[in-house]
Amino acid sequence: MNVDLARWQFGFVTVNHFFFVPITIGLAFLTALLQTAWYRSKNDQYLRLTRFFGTLLVINVAIGVVTGLVQEFQFGMNWGAYSRLVGNVFGAPLAMEGLAAFFLESTFLGLWLFGWDKLPRRVHLLTIWAVSLGTVLSAAFIMAANSWMQHPVGYKMVGGKPQLNDIWALFTNPVFVWGYAKVLLASLVTGAAVMLAVSAWQLRHGREPEVFTASARLALIVLLPAILFTMLVGDELGVIEAKYQPMKIAAAEAQWTTCQPCSFSLFQIGGGNNDQTPTEIIAIPHLLSLLATNSWNGKVVGLTPLQNQYSQKYGPGYYVPNVFIQYWAMRVMAYLAVLVFLIALWGVWLIRRKTLATSRLFLWVAVWSVVLPFLLNTAGWFLTESGRQPWIVQGIMLTKNGISPTVSTTWIWISLIAFILIYATIGTIDLLLMLRYSRQQLPPTRAPAEADEPVPAVQY
Amino acid sequence: MSNLIPFWFIVIAVLWTGFFILEGFDFGVGMLHDLVGTDDAGRRAVINTIGPLWDGNEVWLIVAAAAIFAAFPGWYATMFSAYYLAMVLLLASLIVRGLAFEYRGKRDAVRWRRTWDVLLTVGSLLAPLLTGVVLGGLLHGLPINSSQNYTGSFWDLLQPYPLFTGITLVLVCALHGATFLGLKTTGDMRERSGLLARRVAPFTGAAVVGFAIWTHVTYSGTFFLNPIELLAILAAIAAVWLVYEHRAGFAFAATTVTIASCIVSIFVGLYPNVMVSSTRAAYNLTVHNTASGAYSLKVMTVVAVVLLPVVLAYQSWTYYVFRRRVSKSDFEPRQRPAEPSPGLPGKT
């Protein structure tokens, strides 16, 4: 009971946190690009876009920061036994994240917002790049910690406890290298999709077509390669996970028996941990072999033999993750990524034909496609985290053994309900503010005479 | 390598102290913003005195928590799970006040802004209160068993000394915020900050004297206070005097020393324990029985020694960039520039 509630809580606050994180990483980078364009070209339209999208960035950072506090505290609150056992490996990257990334991000965001009229232009430009660097570094440390839970490296067991003995191993862990690349790319996709959707809405309403065509173009030029590489990196990450966490990938295909070569089913009817013979709809031969092993005839060990293998190695127990979640998370992620790719391709084609600003159908699709990256990211995390179960740290500790032993069910209920109420409220407020500020007019053009005057600072 | 264990205890004490010095006046500003700013422009001016600073200041808390996690995982696990409900409330307070800063000005409706004002005040008051209860509880002791787990109920957390620590910190933060505003505002807001400082100061002074003595008797059997507790008392008395003497700069320095020495005295009293067990002294959590491995501490020492000075440098620079006072007039609705009258020759 407690472990389920604690997992619900972790899942709830973390999925919510990760709505805001990729917007922040992606939009901070894009805003920095816009400001750099203004700095270099002195073209006023880039300044107006910087201020416009900077406001959206700040609305999101606010929620990202405060929901991040919960992330930092909840390991100790709900997962005391886990923290006690692995803190000396897992805690180190978290402490480094605070020192190297959070300070940088928060301090320089303040400097950027309030420093428009106080800092020389070049220094002020550096502050937004420092913010962007902070967001990128932050993701590196937290992904190193997370990857260690997927594939523990750089430690030795001393008295039943993992002890860190090689910090570099955490950052050369293949799960980290590819997982981190994927998170950065997915964040670019998210940020670019937000910028594209906002620009498309403005274009549909005929506002400043020239300026918003520029931002839509920038968004598309980032989006297309970002989504393409997300898929390629995701494919490689699948191969690595198949090697270290074979259960995760076998469950993603609901593959109970060992196969060689293995096909990939587009859909299935039924399935799950209690239905090992679902009806597969359209099985594409060899595709799973390719995805899981990078080879045409690769072998994928099935869930049943893996379960036998794990029972022998770790003692009796059920080691198969939730197959239903794995199967569908994989497909939602993959299909939506293809959809985003096609939309981006369409947009880039319209740029070439110079009809981006006038294609009402595309603009309509682009506005609504903003939800896709969020579904895609969430599905990706379900695949990663649910696929690790029943382990909290693969091969070292089971999730059910990780919870705080003396926290009562009532306490977890209270906190779960409290967080749901708080997050629902602040999530709604964020959404309403985002909509409101996305639909605002651009800040006015500055008269040519004012071009060398300081730009007014942002105030609360 | 065993020297690194006390070193990390000191680092954590420094992080908490830094957090309270910096975020302490943010809490105070949040508590008092409605009293110092009597209209919307005034309240905005007050909030903008810490606008560029508060977020960076709050990171000190995150890093303090993460450092406990990394250097003393056993301490982190016991502390955060024992104070479970207090932590939920603390997080809620920090969430609402963080959002109040960012979102208050984003809409121009009176009800919207007044709601955020209330949340900012309440959040800024609860956060130091709860943090004080937690820090005081570390020293006062909690029912903790031989496997380092908390065995009490929610009510066992609310002992007199921890509660008094919380109240003391609220009062110190209020005075610290008032002296900060005395340096950062102009005109009648500056006067009201001074007035509020003089109203709060006697209570803060009395609370700190009581806190220093109570802290001392909580952990020590000796009669004489140790230097850091004495410093807390002297600094608090100096702060009261300086506030009445209208010496704003020195008063802020005095409240800084007061808040720092209060926090340091808790950690001095704790060492080598990190959480006292009221069940049995043998079950105390200490720096040794909760510490990380030598290699982890070594790695983090390198990181902290390299990065903390850099962080201090750029945060100091931020304070330098935003050193100017904030005026209410910056936030008063601008008068519309006169419409250029049509038909006037010569003007285009």
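This is a predicted model: local features need pLDDT of at least 70, side-chain atom pairs count only at pLDDT 80 or more; totals for chains, interfaces and linings use all residues.
Residues are numbered from 1 along each chain as its sequence is written, and chains are lettered from A and ligands numbered from 1 in the order in which they are written.

In chain A, the assignment gives domain 1 as 2–236 + 328–440 and domain 2 as 246–321, with bounds that come from an automatic or database domain assignment. Between these domains, eight residues of domain 1 of chain A are in contact with seven residues of domain 2 of chain A, where contact is taken to hold if the C-beta atoms of two residues, placed from the backbone, lie within 7 Å. The domain 1 side of that contact has three nonpolar, three polar and two charged residues; here Ala, Val, Leu, Ile, Met, Phe, Trp, Tyr, Cys and Pro count as nonpolar, Asp, Glu, Lys and Arg as charged, and the others, Gly among them, as polar.

Let me turn to the contact between the chains. In chain A, 54 residues are in contact with 58 residues of chain B, and the elements that give two or more residues to the chain A side are H2, H3, strand S2 (161–164) and helix H14 (409–438). For these elements, helices (H or I, at least four residues) and strands (E, at least two) are DSSP runs, numbered from the N terminus. Helix H3(A) provides the largest share of that side, 22 residues, and by class the side divides into 34 nonpolar, 17 polar and three charged residues.

The axes of helix H2 (residues 44–78) of chain A and helix H5 (residues 84–103) of chain B come within 9 Å and cross at roughly 170°, which makes H2(A) roughly antiparallel to H5(B). The axes are lines fitted to C-alpha atoms, for helices over the stretch in contact, with angles running from 0 to 180 degrees between N-to-C directions, and angles under 35 degrees count as roughly parallel, over 145 as roughly antiparallel, 65 to 115 as roughly perpendicular and the rest as oblique. From H2(A), the residues that meet H5(B) include Val66(A), Leu69(A) and Phe73(A), and among their counterparts in H5(B) are Leu91(B), Ile95(B) and Tyr103(B). The residues of this contact divide into 15 nonpolar, one polar and one charged.

Which residues does Ile95(B) touch, not counting residues up to four places away in sequence? They are Val66(A), Leu69(A), Ile422(A) and Ile426(A). Ile95(B) lies in helix H5 of chain B and counts as buried because it has 24 C-beta neighbours inside 10 Å; a residue is buried if 20 or more other C-beta atoms lie within 10 Å of its own, exposed if 12 or fewer, and partly exposed in between, with C-beta atoms placed from the backbone. By contrast, Arg51(A), which lies in helix H2 of chain A, has 19 such neighbours and so counts as partly exposed.

As for Leu196(A), not counting residues up to four places away in sequence, the residues touched by it are Ala216(A), Ala219(A), Leu220(A), Leu223(A) and Ala366(A).

I will finish with some backbone features of chain A. The peptide bond from Gln260(A) to Pro261(A) is cis, with omega near -5°, and Pro261(A) sits in the loop between helix H8 (246–252) and strand S3 (264–269). Another cis bond joins Gln389(A) and Pro390(A), with omega about 5°. Ile282(A), although not a glycine, has a positive phi of about 50°; Ile282(A) belongs to strand S4 (residues 279–284) and, with 10 C-beta neighbours inside 10 Å, counts as exposed.
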